[in-house]
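Here is a short tour of pockets and helix packing for you to follow on screen. Please keep the sequence and the model side by side as you read.

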Amino acid sequence: MNIKYDFSGKLVIVTGGTKGIGKSLAEAFTTCGARVIATYSSDEIAAQNLKNSDITGLLDVVKCDVSSYAEVKIFFNDLEEKKFFVDVLINNAGVRRDSVLGMMKEDDWRRVIDINLTGTYNMCKFAVLNMMKQRFGRIINITSPGRNYGFEGQANYSASKAGIVGLSRSLSKEVAKRKITVNCVSPGFIETELIESLPGELKKEYVEMIPLKRFGTASDVSPLVLFLASDEASYITGSVFDVDGGL
């Protein structure tokens, strides 16, 4: 059965929305009629490519470094001035800077935490203030199996993704009375730029770990996110959903 959601009239924000999973999500929501704002921080080529691919006329691409509190505040102030209400926020922006902890540079630790975890805090804070005005909202935070497994060389990444789950569960209790739900989606090894950067032997090792014996694709993730953003998921909050091939 091919489920078709209707997000006409809804405003959806996807951070890190110009590549990989984020791009797939941005395109999926526009296909379902939503007005989508996809944010990015530095890759101008990917941003322009996404702008050029917009066939629905419902996609905006906005530069915003989610790790910067000031930039995120300006981003939401602009929405407020335009009297836009955010219906769905997807915190997808994330980076990896792998290294064994004993050799990890302080900047590599801080940058991963700043983007993955603090960026989620920044976006959630201002989104919640916006959503409360209409007493409705869906927040979906992208985490990772690394939150549980702690893969070697990814102490910073694993810590950031575990933190996202803790943040989400606390926030879900704080905003439930305003009919705002907060959930996490945890994609496993998905064929994106993050996977492409791994050494060949390591990729083979990871495939062997997956019971389904393949990496996932961005289109494996989007149906679950669409569901969690829909009215049908109104009684689901504070939960974590794995899309990982059975890890």
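What is the volume of the second largest pocket? The answer is about 210 Å³. Please bear in mind that this is a predicted model.

- Two elements, β3 (59-63) and α3 (69-81), each give two or more residues to the lining of the second largest pocket.
- With 5 residues, α3 provides the largest share of that lining.
- By class, the lining of the second largest pocket holds 7 nonpolar and 5 charged residues, with no polar ones.

**The largest pocket**

- The volume of the largest pocket is about 990 Å³.
- Its lining counts 43 residues, and those nearest the centre are N92, A93, G94, V95 and L194.
- At least two lining residues of the largest pocket come from each of α1, β2 (35-40), α4 (106-132), α6 (155-175) and α7 (193-196).
- The lining of the largest pocket comprises 19 nonpolar, 16 polar and 8 charged residues.

**Helix α3 against helix α4**

- Helix α3, which lines the second largest pocket, also packs by α4: their axes come within 9 Å and cross at roughly 25°.
- At an angle under 35 degrees, α3 and α4 are therefore roughly parallel to each other.
- The crossing of α3 past α4 is right-handed.
- On the α3 side the contact uses Y69, V72, K73, F75, F76 and E80, and on the α4 side Y121, N122, M123, K125, F126, A127 and N130.
- This contact of α3 with α4 divides into 8 nonpolar, 2 polar and 3 charged residues.

**Helix α4 against helix α6**

- The axes of α4 and α6 come within 8 Å, with a crossing angle of roughly 15°.
- That angle makes α4 roughly parallel to α6.
- As with the pair above, α4 passes α6 in a right-handed crossing.
- From α4, the residues in contact are D108, W109, V112, I113, N116, L117, T120, Y121, C124, V128 and M132; from α6 they are A155, N156, Y157, A159, S160, K161, G163, I164, L167, L171 and V175.
- The contact of α4 with α6 has 15 nonpolar, 5 polar and 2 charged residues.

**Helix α1 against helix α9**

- Helix α1 (residues 20-31) and helix α9 (residues 218-229) have axes that come within 9 Å and cross at roughly 50°.
- That makes α1 oblique to α9.
- The crossing of α1 past α9 is right-handed.
- G20, I21, S24, L25, A28 and F29 of α1 meet A218, S219, V221, S222, V225, L226 and A229 of α9.
- In this contact of α1 with α9 there are 9 nonpolar and 4 polar residues, and no charged ones.

**Loop residue R96**

- R96 sits in the loop between β4 (88-91) and α4.
- Beyond its neighbours within four places in sequence, R96 is in contact with V112, Q154, Y157, L194, S197 and L198.
- From C-alpha to C-alpha, R96 and T118 are 14 Å apart in space, and they are 22 residues apart in sequence.

Technical notes: Residues are numbered from 1 along each chain as its sequence is written. This is a predicted model: local features need pLDDT of at least 70, side-chain atom pairs count only at pLDDT 80 or more; totals for chains, interfaces and linings use all residues. Side-chain values use heavy atoms; hydrogens and water are left out. Axes are lines fitted to C-alpha atoms, for helices over the stretch in contact, and angles run from 0 to 180 degrees between N-to-C directions. Helices (H or I, at least four residues) and strands (E, at least two) are DSSP runs, numbered from the N terminus. Angles under 35 degrees count as roughly parallel, over 145 as roughly antiparallel, 65 to 115 as roughly perpendicular and the rest as oblique. A crossing is left-handed if the near helix is turned anticlockwise from the far one by less than a right angle, and right-handed if clockwise. Contact means heavy atoms within 4.5 Å. Ala, Val, Leu, Ile, Met, Phe, Trp, Tyr, Cys and Pro count as nonpolar, Asp, Glu, Lys and Arg as charged, and the others, Gly among them, as polar. On a 1 Å grid over the protein atoms alone, a cavity is a set of points where a 1.4 Å probe fits but cannot get out, and a pocket is an open set with protein on both sides within 12 Å along at least five of seven lines; lining residues have an atom within 4 Å of a point. Grid points are joined across faces, edges and corners, and a volume is the space filled by probe spheres set on the points.
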